[in-house]
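Colleague: Before we start, please put the model up. I would like to go through its packing and its charged pairs.

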Amino acid sequence: MKRKYIPAFTGIRALCAYGIFFYHTNFFSKETHPNLYRFVDQFYSFIPFFFVISGFVIFYTYYKEKKFSKKEFYNYFVSRFARIFPILIILNTAVFLLAYRDSLYTAFETVKLYLLNITLLKGFSSNYVLTGIGPSWTNTVEEVFYLSAPLIFLLIHRKRLLLKFLFFIYVAGFLLTLIFVNNPYEGILSSFTYSAYFTFFGRAFEFATGIYLAMLYLGKYNNNYLKKYGNFTMA
């Protein structure tokens with residue numbers, strides 16, 4: 001279903017992208033400009049905005065009350081794959097070829113890290129999360145959301161089911177992390193702090209917030225506060 005393009009989201013995405021860029025390239029010295037350094041260092045807070053926007057855009061763009069046909073499922077997953085993986089593979093190929101050329105890794109390590117990066121599996125392990133293109137760990141979170149989105153489509157028509165799904169994600173994340181904390185393997189879900197910050201299990205609330213806003217915008221949910229003060233909001 002095609003819906004009206006919302007230009008404001010381009011601006012919001014740009015703001016978030018600039019914030020993350022300046023966070024990673026903090027031009028201020030911790031020694032000479034400590035206050036400005038600490039201020040820019042807080043720009044990591046733009047990361048949750050990306051996840052909220054993703055939740056909104058996916059459901060605003062693809063949500064429909066009827067079940068998806070096979071063709072719609074196919075088109076959805078192809079578009080999600082095309083959005084991330086081609087450029088991810090090209091850039092990681094360049095990064096790891098250069099790393100191997102400069103003898104940063106052995107041949108085995110290079111292949112292993114390359115595969116973990118292009119499959120986005122690195123995002124589940126604290127040992128490998130920042131290898132290759134470090135900030136691409138957020139793509140793992142995004143892809144898990146993309147995979148789960150069709151299931152949420154079936155639940156979204158009722159707010160309580162969205163809350164139940166969110167609760168299920170938290171419980172599943174807690175149990176899986178508990179298993180790997182007690183049975184460590186390659187840094188996978190190595191701590192509850194790691195799961196909360198770097199994985200979909202900890203970021204699900206941000207996507208759910210975007211979903212909720214999308215459903216408000218589409219008129220699928222009612223909110224008494226917005227009915228009273230809606231003229232001050234996008235909805």
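Colleague: Which helices do the buried residues of helix 3 pack against?

Modeller: This is a predicted model, where local features need pLDDT of at least 70 and side-chain atom pairs count only at pLDDT 80 or more, while totals for chains, interfaces and linings use all residues. Residues are numbered from 1 along each chain as its sequence is written, and side-chain values use heavy atoms, with hydrogens and water left out. Helices (H or I, at least four residues) are DSSP runs numbered from the N terminus, buried means under 20% relative accessible area (1.4 Å probe, protein chains only), and contact means heavy atoms within 4.5 Å. The buried residues of helix 3 pack against helix 1 (8-24), helix 4 (70-101), helix 6 (137-155), helix 8 (192-198) and helix 9 (200-217).

Colleague: Is Thr 61 buried, partly exposed or exposed?

Modeller: Thr 61 has its place in helix 3, where Phe 56, Ile 58, Phe 59 and Tyr 60 are among the buried residues. Exposed begins over 50%, and partly exposed lies between buried and exposed. Because its relative accessibility is 30%, Thr 61 counts as partly exposed.

Colleague: How far apart in sequence are the parts tied together by Glu 186 and Lys 112?

Modeller: Glu 186 forms a salt bridge (a side-chain nitrogen of Lys or Arg within 4 Å of a carboxyl oxygen of Asp or Glu) with Lys 112, with the closest N and O atoms 3.4 Å apart. Glu 186 lies in the loop between helix 7 and helix 8 and Lys 112 in helix 5 (residues 107-118), so the pair ties together parts separated in sequence by 74 residues.

Colleague: Is Arg 203, in its salt bridge with Glu 206, buried or exposed?

Modeller: The side chains of Glu 206 and Arg 203 meet at 3.2 Å, N to O. Being 3 residues apart in helix 9, they are separated by about one helical turn. Glu 206 counts as buried at 15% relative accessibility. At 5% relative accessibility, Arg 203 counts as buried.

Key: Helix = DSSP H or I, 4+ residues; strand = E, 2+ residues; numbered from the N terminus.
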